[in-house]
Amino acid sequence: MSLYDSAFYEEQAADSARSARRVLPPLLAALRPRAVVDVGCGVGTWLGVCRELGVEEILGLDGAYVDKERLVIPAESFRSTDLRSAWRLDRRYDLALCMEVAEHLPLAAADAFVERLTQLADCVLFSAAIPYQGGTGHQNENWPSFWSALFAKRAFELYDLVRPRFWDDGEVAYWYRQNGFVFARRDSAAAKALGAAPGPVVPLSAVHPESYLYAVSRGTVLSRERVAQDIEHLRRVTLGGAASESRSHDLDAFPVLALTRALKKMTKAALRLGGR
């Protein structure tokens, strides 16, 4: 049985459509892409907005569980793909989208997944859930610093174009405002077209107030064992994995002590609220 039922897609599509109509216009105006691919497209909402904005060619990739009757893009523009597998496309695009998808894949798949994204296009609009964000089927909620280092391995620089512009825009779902980044290949035409300096404008790993309030409102009571496990996971992921592959980013991209202290404070507060 799929985790992604009709209610999931209805809610996701509504939030995505509103968000895409705000986030995409300035990016498309800068890049002027003719062809866009969306990895983990769901029913194709972001691609549907791309079509509204004049993109000529679109392709969406997602699992066979997607209800084809709910697609908002032509059926021929959708390709059933197991994103956990070694999938490949035989062409490149002007822009790749990957919005709140990477957290649905196992941690072990993260590096290869980013590799495939960077093979698709010189510019990637990317968003992935942070720790404790919560959601259906999440397996690898991680900080932007984790994903940034994986892109940096492929000479893709981070452009913080979404958060400063839309942080307080209620028409954009808070998870996109919190997690949305543009990654572009260094010295590519796409990077030049963005017209901005690479690097974070605000702290790279930041929690949006709405995300924090949602997490608190869920009333999740965390056991001390769970807290200890998650802190250890944070240390292991940041000190191993992507960091071991790119030593030059260890200190800049992985502020381990600061993140660990922040996580301890957050979880202690959660334990107090839960009466534990």
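Helix H4 (144-153) and strand S7 (181-185) each give at least two residues to the lining of the largest cavity; helices (H or I, at least four residues) and strands (E, at least two) are DSSP runs, numbered from the N terminus. This is a predicted model, in which local features need pLDDT of at least 70, side-chain atom pairs count only at pLDDT 80 or more, and totals for chains, interfaces and linings use all residues. Residues are numbered from 1 along each chain as its sequence is written, and side-chain values use heavy atoms, without hydrogens and water.

A cavity is a set of points on a 1 Å grid over the protein atoms alone where a 1.4 Å probe fits but cannot get out, and lining residues have an atom within 4 Å of a point. The count comes to one cavity of 30 Å³ or more, and the volume of the largest is about 50 Å³, taken as the space filled by probe spheres set on the points. Among its lining residues are Phe 126, Trp 143, Pro 144, Asn 179 and Phe 181. The lining has eight nonpolar residues, two polar and no charged.

Now to the sheet. Seven strands form an open sheet in the order S3-S2-S1-S4-S5-S7-S6, with mixed pairing; two strands pair if DSSP finds at least two bridges between them.

| Edge strand | Residues |
|---|---|
| Strand S3 | 78-80 |
| Strand S6 | 156-159 |

Inside this sheet, strand S1 (residues 35-39) runs parallel to strand S2 (residues 57-62), joined by five bridges. Val 37 stands opposite Leu 59 in S2.

Terms used. On a 1 Å grid over the protein atoms alone, a cavity is a set of points where a 1.4 Å probe fits but cannot get out, and a pocket is an open set with protein on both sides within 12 Å along at least five of seven lines; lining residues have an atom within 4 Å of a point. Ala, Val, Leu, Ile, Met, Phe, Trp, Tyr, Cys and Pro count as nonpolar, Asp, Glu, Lys and Arg as charged, and the others, Gly among them, as polar.
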